Amino acid sequence: MATNLSQLRERIDDIDARIVQLLNDRASVSIGIGSAKKEMGIISQPHIPKREQEVFARIERLNHGPLPHEAVQAIYREIMSASISLQKETTIAYLGPRGSYSFQSAYEKFGDSLTFVEQPSITKVFQAVASGAATYGLVPFENSSYGTVQQTLDCFVAALPEAQALIRGETYLAVHHCLLSNSSRDKIKRIYSHPQALGQCAKWLEANLPFAELVSVASTSRAAEMASRESGSAAISNAMCADLFDINVVERNIEDMQNNTTRFFIIGKALDSPTGNDKTLLQFTVDHRKPGALCDALNVMKQRQINLTKIDSRPSGQRLWHYVFFVEFEGHAEDAKVKEAIKDLDSFCLDIRLLGSYMSLQ
Ligand SMILES: O=C(O)C(=O)C[C@]1(C(=O)O)C=C[C@@H](O)C=C1
């Protein structure tokens, strides 16, 4: 029996030697790709979602087990993360501290080999990308139960030159909130969280802790950090933050709706090329004094058979009751049909800005 075990381990050692060699052969090719990208002037955006999707799809076809596809995909996530870091030092800015849903989403999509830099606000994530301090940023866009993350739209509206960035990818994260506290439930007087998380758990809070003071803070991980230091305080946050900030999980899954999901955007300084499966987000204003102005603008999409996937608005911050509209639709800004639609739309709008064209990251 023991001999059999040592023989099997020898085989594993042998296979590992070949795997390490192959990983390094692959890494050398990736360095070559990095040099080619430098020559072509496109090294500033080393992460190519479309190519990664092709790699993931191909390995799924090649994989006949016994490893499940999810396991092979996780290994490949890390291989490509290391591959990116060999081509260019790549940093990802996210709404911190570590442990936030933004962090979890960034880590899941970019892997462990890149550098993650926490930021104290969504605005600072935009600024880090726009200034070049970070290669990419991760910002929450909307939640399935509580709607749009207003701070993110307001960063687009503010359009400060130092905070301009383009959306290059979208990603979805299943969000399960926990009540974290080092006090027992009957002693909790104050609950910290991000306004989105407080909104996503509003019914649970009303039913279970109706007298607690609700305090909005910059992120769910910041909330966990603050609550960990105060007796009588709690945070709506997540299990990862319980470990990171040494705070107990009092209750799990306190979100009001099952399948609670948040959509994030990956922002960078340049658009990615069309993949055939993209969405585009535009921001525009229309002349409010003209009846049907918004309708005329949207009609452009209808005439060109472009399917809308989201519409939203925010105060422009310039004049009273003046709004900026956000329209998301299927297609890429470089697709002929979309290009023409944007040109047509321009004649119905006071101003128009492309916020990005992107595919869903696997
Ligand atoms: O194909 C590329 O452009 C690469 O940079 C290679 C590679 C890979 O390792 O497969 C690395 C990073 C990209 O996000 C996609 C693919």
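Helices (H or I, at least four residues) and strands (E, at least two) are DSSP runs, numbered from the N terminus. With that in hand, let us walk through the chain. This is a predicted model, in which local features need pLDDT of at least 70 and side-chain atom pairs count only at pLDDT 80 or more, while totals for chains, interfaces and linings use all residues. Residues are numbered from 1 along each chain as its sequence is written.

**Overall layout**

The chain holds 12 helices and 15 strands, and its C-alpha atoms fill a box of roughly 85 × 60 × 35 Å along the principal axes.

| Domain | Residues |
|---|---|
| domain 1 | 2–87 |
| domain 2 | 91–175 + 261–268 |
| domain 3 | 178–251 |
| domain 4 | 279–355 |

Taken over C-alpha atoms, the centres of domain 1 and domain 3 are separated by 40 Å. UniProt, in an unreviewed entry, lists residues 282–359 for "domain: ACT"; its positions are given in the numbering used here, feature names are shortened, and annotations may be inferred rather than shown by experiment. The end C-alpha atoms of residues 282–359 lie 15 Å apart, and the span is 28% helix and 37% strand.

Strands pair if DSSP finds at least two bridges between them. An open sheet of 5 strands has the order β8-β7-β9-β6-β10, with mixed pairing. Strands β8 (213–216) and β10 (249–251) are at the edges with a single partner strand each, so one side of each is left without a neighbour in the sheet. On average, neighbouring strands of this sheet are turned by 35 degrees against each other, direction ignored (axes are lines fitted to C-alpha atoms, for helices over the stretch in contact, and angles run from 0 to 180 degrees between N-to-C directions). β10 pairs with β6 (residues 178–181) in the antiparallel sense over 2 bridges, and V249 in β10 is the bridge partner of L180.

**What pairs with β5?**

Strand β5 (residues 166–174) runs antiparallel to strand β11 (residues 261–268), joined by 8 bridges; here G169 has I266 as its bridge partner in β11. β5 also pairs with strand β15 (residues 351–360), in the parallel sense over 3 bridges, and there E170 has S360 as its bridge partner.

**Cores and a buried helix**

A nonpolar core is a set of buried Ala, Val, Leu, Ile, Met, Phe, Trp, Tyr and Cys residues joined through C-beta atoms within 7 Å. The largest one has 51 residues, and I92, Y94, V125, F126, V129, I267 and A297 touch the most other members. Helix α5 (residues 122–131) gives the largest share of this core, 6 residues. Domain 2 and domain 4 both contribute residues, so this core lies between them. A second, separate core of 21 residues includes C178, I191, A234 and C241.

Is helix α4 (residues 101–110) largely enclosed or open? 8 of its 10 residues are buried, so α4 is largely enclosed by the rest of the structure. Among the buried residues of α4 are Y101, F103 and F110. G111 follows α4 and has a positive phi, near 80 degrees.

Methods:
Buried ≥ 20, exposed ≤ 12 C-beta atoms within 10 Å, placed from the backbone. Domains from an automatic or database assignment.
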